[in-house]
Amino acid sequence: MLMIGSLNLYTKNLKMQSQWELKQRNGDYSGHKSLEQWLDAAQEEEDHGQKDDALRAIHQKLEAGGKLTPEERRYLQAKDPKAYAELEAMEREQKAFEQKLRQCRTKEEAQRLRMTYLNASLTTVKSVENNSAIPQQKKLEIMMREKQRCDKLDESFQKFVKTGEYEGLPTDGEAAKAQKEENQAKQPQKPEKTPERDEPATKEEAQEPEKPAVQVETPEQRKVKKARAKAAAAAYAGAAGCPDVTATASQVDLKA
């Protein structure tokens with residue numbers, strides 16, 4: 001959340017700076033136009049006065065994290081193919097992120113995955129923030145795109161939490177403990193020593209084999225076993241080419 005907050009702050013500051021620069025350029029300090037209105041006016045001048053309220057509304061909806069209707073998607077594809085291609089790329093990445101989340105075997109692994117994705121956006125933003133060779137409007141465009149990307153990833157992670165999938169994962173500590181208990185349980189048990197007696201042990205007693213351990217599954221082991229099954233099922237679904245389907249453990253031949 002701190003990383004997303006930083007990205008939002010970067011974007012907000014850049015918006016304010018861009019709005020001030022546009023006012024200075026136009027010599028108009030009295031108006032209370034938003035940055036979007038300033039940019040729309042500048043774009044209208046470049047397009048010789050042509051105006052597209054529908055397209056602007058679609059862009060604003062995307063910036064606010066909204067989902068487009070099929071009609072809006074078709075309109076965006078026709079009027080702004082570049083923005084449509086970026087939207088599709090974000091959606092593909094979001095689905096890939098969700099698939100990888102379902103393959104995580106511990107809470108910490110899921111958090112590390114999330115941070116890896118969000119770090120990529122923060123790195124991009126920091127690389128352009130103080131780059132004087134990049135125009136201010138282009139910087140804002142890049143930051144808004146990265147903000148939309150992070151919003152989609154965070155939406156997927158919050159969904160992962162709300163469905164209970166995240167809570168069902170063991171911690172790294174629980175996984176390590178379960179593995180240790182599993183290894184110990186596999187060690188054969190030595191025959192119990194009988195009280196000392198005068199008679200020597202019989203041949204059968206001397207050759208008595210070590211008994212296999214009787215394993216009692218601990219809560220940590222059950223949690224880890226369930227996480228392994230879900231991760232394998234998610235991997236199976238991805239390999240089968242259906243990342244949108246939440247596979248069940250019964251779909252794979254698994255020794256958890």
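**Notebook: helix packing and salt bridges**

I began with the surface: the protein exposes about 16800 Å², and carbon and sulfur atoms supply 51% of that area. I note here that I am working from a predicted model.

**Entry 1. Overall make-up**

I looked up the secondary structure next. The protein has ten helices and zero strands. Reading from the N terminus, I get α-α-α-α-α-α-α-α-α-α. I then checked burial. Of the 256 residues, 30% count as buried.

**Entry 2. α6 against α7**

I turned to the pair formed by α6 and helix α7 (residues 136-162). How do their axes cross? The angle is roughly 170°, and the axes come within 9 Å. Angles over 145 degrees count as roughly antiparallel, so α6 and α7 are roughly antiparallel to each other.

I listed the residues in this contact. From α6 come A110, Q111, R114, Y117, L118, A120, S121, T124, V125, V128 and E129. From α7 come K139, I142, M143, E146, R149, C150, L153, D154, F157, Q158 and F160. I sorted the contact by class: twelve residues are nonpolar, four are polar and six are charged.

**Entry 3. α8 against α10**

My next pair was helix α8 (residues 172-186) and helix α10 (residues 219-239). Their axes are 8 Å apart and the packing angle is about 105°. The range of 65 to 115 degrees counts as roughly perpendicular, so that is how α8 and α10 lie to each other.

Which residues of α8 meet α10? I find E174, A175, K177, A178, Q179, E181 and E182. On the α10 side, I find E220, Q221, K223, V224 and R228. I sorted this contact too: three residues are nonpolar, two are polar and seven are charged.

**Entry 4. Salt bridges**

How many salt bridges are there? I count 14. I went through several of them.

I started with D53 and R56, whose side chains meet at 2.6 Å, N to O. Both residues sit in helix α3 (residues 53-63). They are three residues apart, so about one helical turn separates them. D53 has a relative accessible area of 43% and is partly exposed. R56 is also partly exposed, at 24%.

I moved on to R73, which forms a salt bridge with E91. The closest N and O atoms are 2.7 Å apart. This pair links distant parts of the chain, 18 residues apart. R73 lies in helix α4 (residues 70-79) and E91 in helix α5 (residues 81-102). The cut-off for buried is under 20%.

Then I looked at D172 and R112, a salt bridge at 3.3 Å, N to O. It joins helix α8, which holds D172, to helix α6 (residues 107-129), which holds R112. The two residues are 60 apart in the chain. D172 is partly exposed at 31% relative accessibility. R112 is partly exposed at 46%.

Last, I looked for shared partners. Which residues are joined into one network? They are K82, K138 and E141, linked by salt bridges that share partners.

**Recap**

I have two helix contacts on file: α6 with α7, roughly antiparallel, and α8 with α10, roughly perpendicular.

How values were computed
Residues numbered from 1 in each chain as written. Predicted model: local features only at pLDDT ≥ 70, side-chain atom pairs only at ≥ 80, totals over all residues. Heavy atoms only, no water. Axes fitted to C-alpha atoms, helices over the stretch in contact; angles between N-to-C directions. Helix = DSSP H or I, 4+ residues; strand = E, 2+ residues; numbered from the N terminus. Parallel < 35°, antiparallel > 145°, perpendicular 65-115°, else oblique. Contact = heavy atoms within 4.5 Å. Nonpolar A, V, L, I, M, F, W, Y, C, P; charged D, E, K, R; others polar. Salt bridge = Lys/Arg side-chain N within 4 Å of Asp/Glu carboxyl O. Buried < 20%, exposed > 50% of the residue type's maximum accessible area, 1.4 Å probe, protein only. Areas by Shrake-Rupley, 256 points an atom, 1.4 Å probe, with all protein chains shown as cover.
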